[in-house]
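Here are my notes on the model you sent over, as numbered points. Have the structure open while you read.

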Amino acid sequence: MSDDRSRTRPPRRERRARTAPRSRAGGEAFTTADGRTLFLRPIRPDDVEALRRGFARLTPEQVRQRVFHRMTELTPDVAELLANVDPDKGAAYVATDAEGEIRGEARLYVDTNVEGAEFALVVDPELTGQGVGRTLVRRLIDESRRRGLSELWGFVLAGNGLMLDFASRLGAKREAVPEEPDLVRVHFDLRDPRIGADD
């Protein structure tokens, strides 16, 4: 015996879940210089494997410039720590593609003793020079100001000209690191409204 009411019923929940399109990325969309669409969002605990895959795409020189020593892989334990950020101590953001693959990552570590934060940045080698790093650092600047911090700073290898020039274009100042001739300290004065402003 047929029931005409069944024709007007919505499909079962599980059937809707199978047919509804799902986004693997999420976050705030932005466009790179070469026209790609990426998504900016806070890092999540379920980003562990995506972090490891992103690390595997880095060149050996990028890895050395990021961690100041050689590393062949991002271990699951380290990736787990990176994906689970204590919000009282810092923040981390990722730029992902439509498939949810991490194409850039930036984070800050709050130093309450000086009302500032140290930052770190890495971008997929396929997307360097496309505005991904700029987008990520601007988000760090916004987050630092939201927390009432006055400075955002980081250490850069003296031979990393690309990163030093990038930071300078965003308004960072440079200073030598005593007893560490291979390092340069770059810092953004967050009290300056021009820092992080749109071009």
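**Notes on the predicted model**

1. Let me start with one residue. Valine 67 has a relative accessible area of 25%, so it counts as partly exposed. You will find valine 67 in helix 3, which covers residues 60–67. Valine 67 and valine 156 lie 89 residues apart in sequence, but their C-alpha atoms are 9.9 Å apart in space. Keep in mind that this is a predicted model.

2. Now the overall layout. The protein has six helices and eight strands. Starting at the N terminus, the order of elements is α-β-β-α-α-α-β-β-β-α-β-α-β-β. The protein has 199 residues, and 41% of them count as buried. Take the contacts between residues at least 6 apart in sequence: 60% of these join residues at least 24 apart.

3. What is the strand order in the sheet? The eight strands form an open sheet with the order 1-2-3-4-5-6-8-7, and the pairing is mixed. From one strand to the next, the twist averages 25 degrees.

4. Next, the pairing of strand 5 with strand 6. Strand 5 (residues 116–123) pairs with strand 6 in the parallel sense, over three bridges. Glycine 116 has glutamate 151 in strand 6 as its bridge partner, and glutamate 118 is bridged to tryptophan 153, also in strand 6. Helix 5 (residues 132–146) packs on this sheet, touching strand 1, strand 2 (37–42), strand 3 (90–96), strand 4, strand 5, strand 6 and strand 8. The direction of helix 5 makes about 25 degrees with that of strand 4.

5. Six of its seven residues are buried, so strand 8 is largely enclosed by the rest of the structure. Strand 6 (residues 151–157) runs antiparallel to strand 8, and seven bridges join the two. Strand 7 (residues 173–176) is also antiparallel to strand 8, with four bridges between them. Look at valine 184 in strand 8: it is the bridge partner of valine 156, and it is also the bridge partner of alanine 176.

6. Is strand 6 largely enclosed or open? Six of the seven residues of strand 6 are buried, so strand 6 is largely enclosed by the rest of the structure.

7. On to the aromatics. The structure contains two aromatic pairs. In one, the ring centres of phenylalanine 119 and phenylalanine 188 are 5.9 Å apart and the planes are at 50 degrees, so this pair is tilted. The pair links distant parts of the chain, since phenylalanine 119 is in strand 5 and phenylalanine 188 is in strand 8, 69 residues apart. Both phenylalanine 119 and phenylalanine 188 are buried.

8. The other pair is tryptophan 153 with phenylalanine 155, which is edge-to-face, at 5.4 Å centre to centre and 75 degrees between the planes. Tryptophan 153 has 11% relative accessibility and so counts as buried. Phenylalanine 155, at a relative accessible area of 32%, is partly exposed. While you are looking at rings, check tyrosine 93: arginine 139 lies over its face, at 5.8 Å from the ring centre.

9. Last, helix 4 (residues 76–83). Which residues of helix 4 are buried? They are Ala79, Leu82 and Ala83. Looking down the axis of helix 4, these buried residues fall within an arc of 95 degrees, so they line one face of the helix. They pack against helix 2 (48–57) and strand 4 (102–111). Exposed residues Asp77 and Leu81 are carried on the face of helix 4 turned away from its buried side.

Conventions
Residues numbered from 1 in each chain as written. Predicted model: local features only at pLDDT ≥ 70, side-chain atom pairs only at ≥ 80, totals over all residues. Heavy atoms only, no water. Buried < 20%, exposed > 50% of the residue type's maximum accessible area, 1.4 Å probe, protein only. Arc of directions from axis to C-beta. Contact = heavy atoms within 4.5 Å. Pairing = 2+ DSSP bridges. Axes fitted to C-alpha atoms, helices over the stretch in contact; angles between N-to-C directions. Phe/Tyr/Trp six-rings, centres within 6.5 Å; stacked < 30°, edge-to-face > 60°. Lys NZ or Arg CZ within 6 Å of the ring centre and 35° of its normal.
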